[in-house]
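Colleague: I am new to reading protein models. Could you take me through one, feature by feature?

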Amino acid sequence: MGLRRCRAPVHGRHGKCQACDIVKPNRPVFVVVNARSGRAAVRDRIEALRAGFVAASGQAPRIFVARSGKHLAGIAIAAVSQALREEGVLVVTGGDGTINAVGQLALSHQVPFGIIPGGTFNLLSRTHDIPQDIDGAIRTIVSGNVRPVQAGLVNDRAFFVNASLGLYPRLLED
């Protein structure tokens with residue numbers, strides 16, 4: 001069951017559609033973590049995520065850990081499937097590449113999507129004024145304040161901040 005896009009002039013405030021009912025205390029949260037993103041140890045990040053969501057919403061998130069970029073797509077698909085089945089919210093923590101990969105799935109499946117910056121540059125989160133600390137980003141997600149994000153398409157692949165061609169994307173993959 002996909003979510004419909006809200007066309008109301010006060011999206012997020014009228015409470016008349018499923019798209020505006022994004023984050024309520026009873027909706028489960030599914031977090032995709034890229035273990036290779038950022039500088040902090042993955043165990044510390046997972047514990048901070050659990051504690052942050054419990055403090056902010058009273059519920060622990062379900063965490064899906066991708067141990068490497070090779071495993072990210074499979075882990076993200078599992079999280080999206082769970083979010084769809086349970087009408088939950090998909091959250092990703094990682095760098096811009098991780099966010100873009102998981103965001104692509106969220107967009108194509110119309111799953112509510114939250115971002116917790118966890119990379120080196122965090123261009124997408126900085127562009128959209130998402131707090132750079134875990135607790136601040138979690139509070140933003142559980143606030144239920146939905147903000148649209150523009151996405152572009154190149155060869156049926158979504159991008160959120162920029163698209164690169166040539167050598168640069170190959171360097172990032174290594």
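Modeller: Start with the words helix and strand. Helices and strands are DSSP runs, numbered from the N terminus. A helix needs at least four residues and a strand at least two. Keep in mind that this is a predicted model.

Colleague: Where does Gln110 lie, then?

Modeller: Gln110 lies in the loop between α3 and β4. Its relative accessibility is 23%, so Gln110 counts as partly exposed.

Colleague: Let us step back. How many helices and strands does the protein have?

Modeller: There are 6 helices and 6 strands. Along the sequence they follow the pattern β-α-β-α-β-α-β-α-α-β-β-α.

Colleague: How do strands β1 and β2 run?

Modeller: They run parallel, and 5 bridges join them. Strand β1 covers residues 29–34. Together, β1, α1 and β2 make a β-α-β unit, and the unit is right-handed.

Colleague: How many bridges join β3 to β4?

Modeller: There are 5, and these two strands run parallel. Val91 stands opposite Gly114 in β4. The chain goes from β3 through helix α3 (residues 96–109) to β4, in a right-handed β-α-β crossover.

Colleague: Why is β4 described as largely enclosed?

Modeller: Count its buried residues. In β4, 4 of the 5 residues are buried, so the rest of the structure largely encloses this strand.

Colleague: Which residues of helix α5 are buried?

Modeller: Start with the helix rule. An α-helix has 3.6 residues a turn, so residues three or four places apart point the same way. Helix α5 spans residues 134–142. Its buried residues are Gly136, Ala137, Ile138, Ile141 and Val142. Their cover includes α1 (42–57), β3 and β4 (113–117).

Colleague: What share of the whole protein is buried?

Modeller: Of its 174 residues, 40% count as buried. The accessible surface comes to about 10200 Å². Carbon and sulfur atoms account for 52% of that surface.

Colleague: Next, charges. Which residue forms a salt bridge with Glu86?

Modeller: The idea is simple. Side chains of opposite charge can pair when their charged atoms come close. Here Glu86 forms a salt bridge with Arg62, and the closest N and O atoms are 2.6 Å apart. Glu86 lies in the loop between α2 (69–85) and β3 (89–94), and Arg62 lies in strand β2 (residues 62–66), so the pair ties together parts 24 residues apart in sequence. The count for the model is 1 salt bridge.

Colleague: How accessible are the two partners, Glu86 and Arg62?

Modeller: Glu86 is partly exposed, at 32% relative accessible area. Arg62 is partly exposed as well, at 36%.

Colleague: One last feature. Which residues make the nonpolar surface patch?

Modeller: Phe121, Leu123 and Val161 make it, and the patch is about 280 Å². Find Val161 in the loop between β6 (157–159) and α6 (167–173). Its relative accessibility is 38%, so Val161 counts as partly exposed.

Note on methods
Residues numbered from 1 in each chain as written. Predicted model: local features only at pLDDT ≥ 70, side-chain atom pairs only at ≥ 80, totals over all residues. Heavy atoms only, no water. Patch = residues over 30% accessible without salt bridge, like charges linked within 9 Å, V, L, I, M, F, W, Y side chains within 5 Å. Areas by Shrake-Rupley, 256 points an atom, 1.4 Å probe, with all protein chains shown as cover. Salt bridge = Lys/Arg side-chain N within 4 Å of Asp/Glu carboxyl O. Buried < 20%, exposed > 50% of the residue type's maximum accessible area, 1.4 Å probe, protein only. Contact = heavy atoms within 4.5 Å. Pairing = 2+ DSSP bridges. Right-handed = clockwise from strand over helix to strand, strands pointing away.
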